[in-house]
Protein chains: 2
Amino acid sequence: MPVKPSDRAPRRDTYTPESLLAVAVEVFNRRGYDGTSMEHLSKAAGISKSSIYHHVKGKEELLRRAISRALDGLFAILDEPEARRGRAIERLEHVVRRTAEVLMAELPYVTLLLRVRGNTRTERWAMERRREFDHRVAELLRAAAAEGDLRADLDARLATRLLFGMINSIVEWYRPLPDDSSDRGPVADAVVRIAFEGLRDHGGPTRP
Amino acid sequence: MPVKPSDRAPRRDTYTPESLLAVAVEVFNRRGYDGTSMEHLSKAAGISKSSIYHHVKGKEELLRRAISRALDGLFAILDEPEARRGRAIERLEHVVRRTAEVLMAELPYVTLLLRVRGNTRTERWAMERRREFDHRVAELLRAAAAEGDLRADLDARLATRLLFGMINSIVEWYRPLPDDSSDRGPVADAVVRIAFEGLRDHGGPTRP
């Protein structure tokens, strides 16, 4: 069983900005960012507050770093070759699959991103960047519609919301296997199948 | 602009169990059930705590009544004729459409249901009943698969989770029009189209 951060013995010399960030994100997700104090972070990490201040200016910097990790992972998808060439529907499918994969690979970081509500400057920035990502995906939907590959009876904005509703809901129940990441593929496959082909099997020539 | 409950002048004589419930649900959703005291409810309703105790035993009874309203609406769907006869895929489609519609019609009550986390007996009961509803829908998916109408490459449990992920995400952004309910239909239509047919337009004979 993995050792929970709160069970760790104080080991101040071994902390890196990365491992401190992992502990902070776990606490933010459990207590909420507003409900987390430097005292909570200090206890969870098993190091003194002054040791934390050695690494970061305060909890908002930890939030910014954690959110950046999630956003960097998501925006990098849009620069992948498969997201940049070919028909819009294929680019969209790639982005949907990779978004689900990045969500699972960076689960605590993306969970935090999806939960921020905008009380601080960093949170408002996070929400703005998240909206920007959603807009980029909505543009892909519009492009796919313009190319005749998307059902014409769907509103792009509404479809984007429902699509992200399905993808983002994965954070509510997905928990990585302790050994490896072998279960991400089937989940991403299911998202892509439902989103692009739907549940219904028509049995026709378009569904071999 | 509609009057917010907190702006209402005290009108203790006009309160009914129904209107008190509406105020309580608004406060529960805003502050969280755990974060809501009888004092908060008293202020929001503009009536004294003892007046509230005239109607209910305490906040847990208000939670139970609110959750019951959401659950009664959802479970009633399963008893509708269209959910009880015909091929499983058609029954499933009816249940998905109606679930989206009930979610929007009973928005604050279903929002509360989706947010409870199990700290009290009432919350654990709510989660148990919610799981029961999910299981009933998963059974419909399995029945549709057995009848050959559901894509064979989808796991029923995973598909059910993603389906509810999409439907339940509506609470995050849907806000009823102040005048009527005329915008629920297009949202429910989009859910059904994406869930059953997918985003992609194959242009084949199965997609007229």
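How many residues of chain A are in contact with how many residues of chain B? In this predicted model, local features need pLDDT of at least 70 and side-chain atom pairs count only at pLDDT 80 or more, while totals for chains, interfaces and linings use all residues. Residues are numbered from 1 along each chain as its sequence is written, chains are lettered from A in the order in which they are written, and side-chain values use heavy atoms, with hydrogens and water left out.

**View 1. The interface of chain A and chain B.** Contact, meaning heavy atoms within 4.5 Å, joins 39 residues of chain A to 39 residues of chain B. The two chains bury about 3800 Å² between them, 61% of it on carbon and sulfur atoms, where buried area is the accessible area (1.4 Å probe) that two parts lose on being put together, summed over both.

**View 2. Salt bridges between the chains.** With a salt bridge taken as a side-chain nitrogen of Lys or Arg within 4 Å of a carboxyl oxygen of Asp or Glu, the rule finds 10 across the interface of chain A and chain B. Among them is the pair Asp153(B) and Arg193(A), whose closest N and O atoms are 3.2 Å apart.

**View 3. Domain 1 and domain 2 of chain A.** The domain bounds, which come from an automatic or database domain assignment, are 5–56 for domain 1 and 68–197 for domain 2. These domains of chain A bury about 680 Å² between them, and in domain 1 Val25(A), Asn29(A) and Tyr33(A) lose the most area to domain 2, together 61% of what that side buries. The count between the two domains is 1 salt bridge; Arg69(A) and Glu18(A) meet in a salt bridge at 3.3 Å, N to O.
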